[in-house]
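Student: Could you take me through the side-chain pairing in this model, looking closely at the aromatic and charged groups and at how far each one is covered? Please give the cut-offs as you go.

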Amino acid sequence: MAEKFKPDLKHSQVTPRHAWLNRRQIMAGATGLLVGSQLSRQAAAAVDLSEYASSVYSTDEEPNKLEDITKYNNFYEFGTDKSDPSRHAASLTTEPWAVEIGGMVGRPGTYDLDEIVDQMTLEERIYRLRCVEAWSMVVPWIGFELSELLNWVEPQPGAKYVAFETVYRPDEMRGQRTGFLDWPYVEGLRMDEAMNPLTILSVGLYGDVLPNQNGAPVRLVVPWKYGFKSIKSIVKITLTDAQPRTTWSEIAPHEYGFYANVNPEVSHPRWSQASERAIGGGLFAPRKPTRMFNGYGEYVAQMYDGMDLAVAY
């Protein structure tokens, strides 16, 4: 595994989007506004953009345009159409925000998100995102490794899984007023998956705060798994010794398994996963071959040695 780059960059030093967009042209001596608490809450001083480097885990593929990323979303809490989140997610109140962390940890409690982020080291992670619906995009997230947070709350030796829960606010999230899913949305990871350095909690993208429709103010990002594993607007994290329930695997276990690793050799019951449609490529762009583990196999394949991935899907 490649040696990881860990910049001495904290939550108060995130490059705003206008600077991020020009960074590759103006790295030398460039400056930008610092973004304060919760990434953009309070303007601060200036920072040399050369100090804000990408992680070695970032892809060198060109990120999608911000419009692609923010206007083509699955976030059923706001509706089932891809445009519903961008049209309706402004109703979600994201300040203040707290995350309850409990279960098999030494430091259980309800923590203010700003308190959490101030303890973490933020990185830019440009990741491929592959949806189970066979579309894909490339997203420049800003976040921190989930393992850093889990170590901070002191996991107990017997913890085998990490469970996550989305906020439940049907007064603000119109989709939760329907019976489309069993609310609130829940997801989970095996402990080794949660501790893998690719697994992050994102609090921003394109150098700015995470938009509501993308899972503000904090969401999971697990780039080698289908997108539905990357739960949004998290309010609860629980460490446990039992495999947690997950929304989609309970609704349709024959279609959506607990692992949900990107696998071109295992078709969804209703469509092939061998290829994908890149968002932003136009209606007539050729489909791209799907890569095993979404191209992140060198970092994650060893976790599944000996497993039949056609069964543990």
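Tutor: A residue is called buried when its relative accessible area is under 20%, exposed when it is over 50%, and partly exposed in between, using a 1.4 Å probe and protein chains only. The model is predicted, and local features need pLDDT of at least 70 while side-chain atom pairs count only at pLDDT 80 or more, although totals for chains, interfaces and linings use all residues. Residues are numbered from 1 along each chain as its sequence is written, and side-chain values use heavy atoms, with hydrogens and water left out.

Let us begin with the rings, where Phe, Tyr and Trp (the latter by its six-membered ring) pair if their centres lie within 6.5 Å, and the planes count as stacked under 30 degrees apart, edge-to-face over 60, and tilted for the rest. The structure holds 14 aromatic pairs. One of them joins Phe75 and Phe78, edge-to-face with 4.9 Å centre to centre and 90 degrees between the planes, and both of these residues are buried. Phe228 and Tyr256 are also edge-to-face, because their ring centres are 5.5 Å apart and their planes stand at 80 degrees. Since Phe228 lies in the loop between β11 (219-221) and β12 (234-240), and Tyr256 in the loop between α7 (247-251) and β13 (275-278), this pair ties together parts 28 residues apart in sequence; here helices (H or I, at least four residues) and strands (E, at least two) are DSSP runs, numbered from the N terminus. Phe228 counts as buried at 12% relative accessibility, as does Tyr256 at 9%. These two rings also belong to a cluster in which ring pairs link Tyr76, Phe180, Phe228, Trp248 and Tyr256.

The loop between β11 and β12 also holds Lys232. Lys232 is buried yet has no salt bridge, and Glu77, the nearest side chain of opposite charge, is 6.7 Å away; Lys and Arg count as positive and Asp and Glu as negative, with His and the chain ends not counted, and a salt bridge needs a side-chain nitrogen of Lys or Arg within 4 Å of a carboxyl oxygen of Asp or Glu. Beyond its neighbours within four places in sequence, the contacts of Lys232 (heavy atoms within 4.5 Å) include Asn74, Phe75, Thr166 and Arg219.

Elsewhere, charged groups do pair, and the whole structure has 15 salt bridges. Among them is that of Lys82 with Glu133, at 3.0 Å from N to O, which links distant parts of the chain, 51 residues apart: Lys82 is in the loop between α2 (66-71) and α3 (84-88), and Glu133 in the loop between β5 (123-130) and β6 (135-145). Lys82 is buried at 19%, whereas Glu133 is partly exposed at 29%. In the salt bridge of Arg125 with Glu123, the closest N and O atoms are 2.7 Å apart; Arg125 is buried at 1% relative accessibility, and Glu123 is buried at 3%.

Finally, Arg128 takes part in both kinds of arrangement, being linked with Glu61 and Arg291 in a network of salt bridges and lying over the face of Tyr296, at 4.5 Å from the ring centre. A charge sits over a ring if NZ of Lys or CZ of Arg is within 6 Å of the ring centre and within 35 degrees of the ring normal. Arg107 likewise lies over the face of Trp152, at 4.6 Å from the ring centre.
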